Amino acid sequence: MFSIAPENQRRKQEPVSKMQILAVTVWATCCICCIAGAEIFTSIGQMTDLIFIEREVVQSLKEYIQAEESKLAAVKRWANKLEVLTHASTSDPEGFLAHPVNAYKLMKRLNTEWSELESLVLNDPSHGFISNISVHRQYFPDEEDEKGAAKALMRLQDTYNLDSESFSKGKLPGVRYNAFLTVDDCFDMGKTAYNEQDYYHAVLWMQQALRQMDAGEEAKASKADILDYLSYSVYQMGDLQRATELTRRLVSIDPGHQRAGGNLRYFERLLAKEISEVARNKQDPAKEKPIQLGTYERPRDYLPEREIYEALCRGEGVKMTPKRRSRLFCHYQDGNRNPRLLLKPMKEEDEWDNPHIVRYLEALSNEEIEKIKELAKPRLARATVRDPKTGVLTTAHYRVSKSAWLEGDEDPVIERVNQRIEDVTGLTVDTAELLQVANYGVGGQYEPHFDFSRRPFDNNLKVDGNRLATYLNYKDEPDAFKSLGTGNRVATYLNYMTDVEAGGATVFPDFGAVIWPRKGTAVFWYNLFRSGEGDYRTRHAACPVLVGSKWVSNKWIHERGQEFRRPCGLTEVD
């Protein structure tokens, strides 16, 4: 005997109205016309277009409703007039028809006017609405977008230590608009996690759905369905006692449930065995507590520095000591007396001392930012990473954003920005990659990564006798940029083009630095030592955007052409 998991059950169907049939017909028609819109959730910038598309569809729906109401009002007028007429005619048929006008009008009504009424009833005002929504449906998100957005909420939940109720009640920092999740929303979130065999999040969201239903909130989902998913997910988390109690509750609600009875007997046998073992070992039985964030340990995943990374995203564990802060300064950067910076030098702030990270203030004007976004938005596509084996760009689940690449000669603004980067850094951008513009979507992030390609790492590499970097068995990818013919990425220049209400920081897990987005500023750091060896300390990440829309643009500057601008040092790690 073994427990049986709940399937993706169809919800119990209520009697279907004509309008519901129409809605289903519309949906089916739209699905046929659909062009795949996957990955819309990865860009807030593109998602804003959906707001206006939805507004147009709502307006079309209102026009359809108005047409239906006008049609129904006309039919009602016909019915009322004929009701009065037939009441008089049926009370004395012969006397009524004795009048020749009444006889004529009866012939006329039945031959002509009833045909007109039939045509009115058969007239279908829905054609315009169906045509309109069919046109717009190609821009709608698909099932993968919905699933991606749900996973994004779970990612935010994990990174920022937020319980399900915080999302359900809209209790997020920096929000300007209230948004709430219903029982059905929480239930669907739980099912998304369950279908991915992510029982940790399935428990959290099914529990929230149950909590809101117990508080009296109405829903399409049944309490039995919620308990079914919740009890099995809890069992998968290894909590046999709670799984048994939840299944007992399910059986009391729905005694004829197809799986609950068998699961309950199975759980009770296992629980009895577990209790006897506890008694033999003289252990105190675990006390039952409500399920909440922290009840179960989140399963570990592929990212070795997950805990450090997420703590930094929350602003915890930052290693900015008073001693280190005393080594940070502000400067006016004139690019070694560059003519373009002499009259208006760039304001430069030290963000970190070693490795050296600087922030440039007023690096982009509002007009430049809007132009860059305008150029990039129509071309935004799912951001890619370079495959370490093939060097080919490909999408990755750990990078959730959309990006576009802008040529320097397609607009004076791009050319001006490229020149400014060269002036302030002193590095040529002739061999740099194109300006990449990225917009982060729901929970948008880029997990810890290197910007440079890695050669086999010397784990004994040290600076002044101290550990240079934490080596976590990262995969080598020495040929990642071979096809470009410009060498490795020597430096990164990152423009912040928006403020972010909450989240979205750039963090460096190895040495505990956190850099928060500030609109119009840019940060710069070297990825390579002067010797050309990679600085493994620069492994960094873009934290998930909790609230807001994050736009950035970056320039990856390559080695070729920097020979006299940044000559080699005397040691391997200069």
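The model is predicted, so local features need pLDDT of at least 70 and side-chain atom pairs count only at pLDDT 80 or more, while totals for chains, interfaces and linings use all residues. Residues are numbered from 1 along each chain as its sequence is written, and side-chain values use heavy atoms, leaving out hydrogens and water.

Let us start with V57, which sits in helix α2 (residues 44-91); helices here are DSSP runs of H or I with at least four residues, strands are runs of E with at least two, and both are numbered from the N terminus. V57 is buried, because its relative accessible area is 12% (buried means under 20%, exposed over 50%, partly exposed in between, with a 1.4 Å probe and protein chains only). Leaving aside residues up to four places away in sequence, V57 touches F129, I133, H136 and F140, where contact means heavy atoms within 4.5 Å. I130 is 73 residues away along the chain, yet its C-alpha atom is 9.8 Å from that of V57.

Now widen the view to the helices. Two packed helices are described by the angle between their axes and the distance between the axes. The axes of α2 and helix α5 (residues 126-136) come within 9 Å and cross at roughly 170°; axes are lines fitted to C-alpha atoms over the stretch in contact, and angles run from 0 to 180 degrees between N-to-C directions. That makes α2 roughly antiparallel to α5 (over 145 degrees; under 35 is roughly parallel, 65 to 115 roughly perpendicular and the rest oblique). On the α2 side, the contact includes I53, E56 and V57, which meet residues of α5 including F129 and I133.

Helix α6 (residues 143-159) and helix α9 (residues 199-214) pack at about 90°, with axes 12 Å apart. Therefore α6 is roughly perpendicular to α9. M154, Q157 and D158 of α6 make this contact with Y200, H201, L204 and W205 of α9.

Finally, look at the sheet. Five strands form an open, antiparallel sheet in the order β7-β10-β18-β15-β16, where strands pair if DSSP finds at least two bridges between them. At its edges are β7 (399-400) and β16 (513-515), each pairing on one side only. Two bridges join β10 (residues 445-449) to β18 (residues 540-542), and H449 has H540 as its bridge partner in β18.

R539 lies in the loop between β17 (522-526) and β18. R539 is buried, with a relative accessible area of 8%. A polar atom of the R539 side chain lies 3.4 Å from the backbone oxygen of P448.

How values were computed:
Polar contact = N/O pair within 3.5 Å; in protein donor to acceptor, adjacent residues only side chain to side chain.
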